[in-house]
Amino acid sequence: MPTPDFVLELRRSIGHDLLWLNGVTAFVSDDQGRLLLGRRSDTGQWALVYGINEPGEDPADTVVREVKEETGVDVIVTDLAAVTSSQEVITYANGDRTMYMDHLFICRPDLGGNTDPFVGDEESLSVGWFEPDRLPAPLAQTTVERMARARTYLERLHGGDAHALFRVGGRELPANSD
């Protein structure tokens, strides 16, 4: 679903004015360390799966739904890695202006469900599992940034620090304890 119905309804009232939305991103890795990526139909770039929360929908439910819709893969959410806001206004081709708060979740495939990716909707041109050192190009800049946050979170988690990452005053927190 490219644009949720509730956003279309809001746009009828506010036109192209700036709209603040909550979104989610899924950093999905399998037991071999491969990452699940999709090539977006709107930009042609490869990206982590992301999407917009529906009103009243819990962010973790949104991420599970978005991954299933776009890639066919069933996932289990394991961690909230970061909560950040976009620093730039995104202006779409139709003139709509938007900014997002992103909830970055760490996920793993649900071995009791489907783990073989396929293009599930019109938002993706292609989907697949990729080795971290052999990622396809071009990668969306937001994906590069979110992957770095996910990796930082996972490094901290493995070191015993399970705090999600966030920004205060433009600084990424929690700061390194070293």
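Biologist: What volume does the largest pocket have in this model?

Modeller: The model is a predicted one. Its largest pocket has a volume of about 1300 Å³.

Biologist: Which residues lie nearest the centre of the largest pocket, and how many line it?

Modeller: The lining comprises 47 residues, and Asp42, Tyr50, Ile90, Tyr92 and Tyr100 lie nearest the centre. Elements that contribute two or more residues to this lining include helix 1 (5–14), strand 1 (19–28), strand 7 (97–109) and helix 3.

Biologist: Which element gives the most to the lining of the largest pocket?

Modeller: Helix 3 does, with five residues. Helix 3 spans residues 141–158, and its 18 residues reach 26 Å from the first C-alpha to the last, close to the 26 Å expected at 1.5 Å a residue.

Biologist: Which residues of helix 3 are buried?

Modeller: Here a residue is called buried when its relative accessible area is under 20%. In helix 3 this applies to Thr143, Arg146, Met147, Arg149, Ala150, Tyr153 and Arg156. One of these, Arg146, lies over the face of Tyr50, at 5.4 Å from the ring centre. Tyr50 is also among the residues that lie nearest the centre of the largest pocket.

Biologist: What follows helix 3?

Modeller: Helix 3 is followed by Gly160, which has a positive phi, near 100 degrees.

Biologist: Are Trp46 and Phe130 buried or exposed?

Modeller: Both Trp46 and Phe130 are buried.

Biologist: How many cavities of 30 Å³ or more does a search of the whole structure find?

Modeller: The search finds one, and the largest cavity has a volume of about 40 Å³. Its lining consists of Gly38, Arg39, Arg40, Ala47, Leu48, Val49, Glu70 and Ser124. Strand 2 (residues 35–40) supplies the largest share of that lining, three residues.

Biologist: Which residues does the UniProt domain annotation cover?

Modeller: The unreviewed UniProt entry carries the annotation "domain: Nudix hydrolase" for residues 19–152. In the model, this span is 19% helix and 41% strand, and its end C-alpha atoms lie 30 Å apart.

Note on methods: Residues are numbered from 1 along each chain as its sequence is written. This is a predicted model: local features need pLDDT of at least 70, side-chain atom pairs count only at pLDDT 80 or more; totals for chains, interfaces and linings use all residues. Side-chain values use heavy atoms; hydrogens and water are left out. Helices (H or I, at least four residues) and strands (E, at least two) are DSSP runs, numbered from the N terminus. The expected span of a helix is 1.5 Å times one less than its number of residues. Buried means under 20% relative accessible area, exposed over 50%, partly exposed in between (1.4 Å probe, protein chains only). UniProt positions are given in the numbering used here, feature names are shortened, and annotations may be inferred rather than shown by experiment. A charge sits over a ring if NZ of Lys or CZ of Arg is within 6 Å of the ring centre and within 35 degrees of the ring normal. On a 1 Å grid over the protein atoms alone, a cavity is a set of points where a 1.4 Å probe fits but cannot get out, and a pocket is an open set with protein on both sides within 12 Å along at least five of seven lines; lining residues have an atom within 4 Å of a point. Grid points are joined across faces, edges and corners, and a volume is the space filled by probe spheres set on the points.
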